[in-house]
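Look at the structure shown here. The paragraphs that follow take its helices and sheets in turn.

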Amino acid sequence: MRFKRGVAVTAIALTSVLSVVGCAKDSGSSNSPAGGDNSAAGCKTVDKPAAASGGTSTTDAAAEVDGSALKVGLAFDIGGRGDASFNDSAAAGLDKAIADIGVKKENTKELTATDQESEDAKLTRLRQLAQEKHNPIVSVGFAYSDATAKIAKEFPNTQFAVVDGFVENAPKNVTFLGFAEHEGSFLVGVIAALKSESCTIGFVGGVNVPLIQKFQAGFEQGVKTVSPDAEVVSKYITEAGDLTGFADPPKGQVAAKGLIDQGADVVYHAAGASGKGVFAAAKEANVMAIGVDSDQYNQKTVAEYKDVIITSMLKRVDVAVFDYISAVAANDLAGLPQVFDLKVDGVGYSESGGKIDADTKEWVEAYKQQIIEGKIKVKDTP
């Protein structure tokens, strides 16, 4: 099964002309008036959408699956286990496979990429896992795409997966695990618009590549759908080719501070381990932050900043990794979703910390259902 990023959801958003009401306040109270000009906040919001009906579907990958014979290899991106973001979510998927389908921890191995490493380093890492008879081998991050395709040709009897990756004409023993990051980012964009007082909202991207642009695109669309007059200011830590933007908290802090200095009072990051710096800047300035990938409010490595984290965009890499390992164990890779989107709970948002009140959740759930039903098409490019 192969997945090409952005294939499933690419159409332009359907934006209705709606009457406007007062800008939602930080409390998000359902007792707030239904209308009125909130010009003091500098922006307005559209009418609250109709309540959601329906819901997501989920896979039942663990049903009667025995993974005890598997030797799972996990090749992390920069930051590895403990990054409080992308890699930790992948690690959680492996941990769930150990707990739920009997994968033996002693039969697993984790290796981690280093800053500015060569392509040969990735090849060596994957070859080592394959030579040690690990099967399946999961590579975490698009940077592994080419290396995985090459090693898969050397080991045709080993199953490989790449989170976020894609290569044209890849070997049949490579599965690409793709996500609708733009859909989840739309939802936290809705939250940002409802929580912002200044109506200036920030986005920090780790590396300026198409994958991270998907986060930016969905987020901006979510903000603008709720508050067309809001301003979204964006900053990338590094440009394409320099992956250190995912692992440099000091630069993340500088990037976020620049947006806060422009008036942003909510800042969303898609910057991996650099997000710790974004949270630091938000706490220093007493503004709000939105995490990514994992529920970062509950991540120990960023616990000192939890008070400013109002939500996180959940990119359920844990779900994809667990489902993939389970599918290998069941010898049924064809049953995996074509894309991990809102329909299969592949992306979403967190509610930890109690900052998503009932009224805000009603807004978010209504838009979520519209996306699932195809009434809103979320853009995947800014």
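Helix α4, residues 181–195, packs against helix α5, residues 210–226, at an angle of about 40°, and their axes are 6 Å apart. Helices (H or I, at least four residues) and strands (E, at least two) are DSSP runs numbered from the N terminus. Axes are lines fitted to C-alpha atoms, for helices over the stretch in contact, and angles run from 0 to 180 degrees between N-to-C directions. α4 and α5 are therefore oblique to each other; angles under 35 degrees count as roughly parallel, over 145 as roughly antiparallel, 65 to 115 as roughly perpendicular and the rest as oblique.

The residues in contact (heavy atoms within 4.5 Å) include F186, V190 and L194 of α4 and F215, F219 and V223 of α5. By type, the residues of this contact are 11 nonpolar, seven polar and two charged. Here Ala, Val, Leu, Ile, Met, Phe, Trp, Tyr, Cys and Pro count as nonpolar, Asp, Glu, Lys and Arg as charged, and the others, Gly among them, as polar.

This is a predicted model, in which local features need pLDDT of at least 70 and side-chain atom pairs count only at pLDDT 80 or more, while totals for chains, interfaces and linings use all residues. Residues are numbered from 1 along each chain as its sequence is written, and side-chain values use heavy atoms, with hydrogens and water left out.

Next come the sheets. An open sheet of five strands has the order β4-β3-β5-β6-β7, with parallel pairing; two strands pair if DSSP finds at least two bridges between them. β4 (109–112) and β7 (174–177) are at the edges with a single partner strand each, so one side of each has no neighbour in the sheet. From one strand to the next, the twist averages 15°. Within this sheet, β3 (residues 73–76) and β5 (residues 137–140) pair in the parallel sense over three bridges, and A75 stands opposite S139 in β5. Helix α3, residues 145–154, packs on the sheet and touches β5, β6 and β7. Helix α8, residues 317–329, also touches β5, β6 and β7.

Strand β4 also holds E110, which forms a salt bridge with R81, the closest N and O atoms being 2.6 Å apart. A salt bridge is a side-chain nitrogen of Lys or Arg within 4 Å of a carboxyl oxygen of Asp or Glu.

Another open sheet has six strands in the order β9-β8-β10-β11-β12-β13, and its pairing is mixed. Eight bridges join β8 (residues 200–208) to β9, and these strands run parallel.
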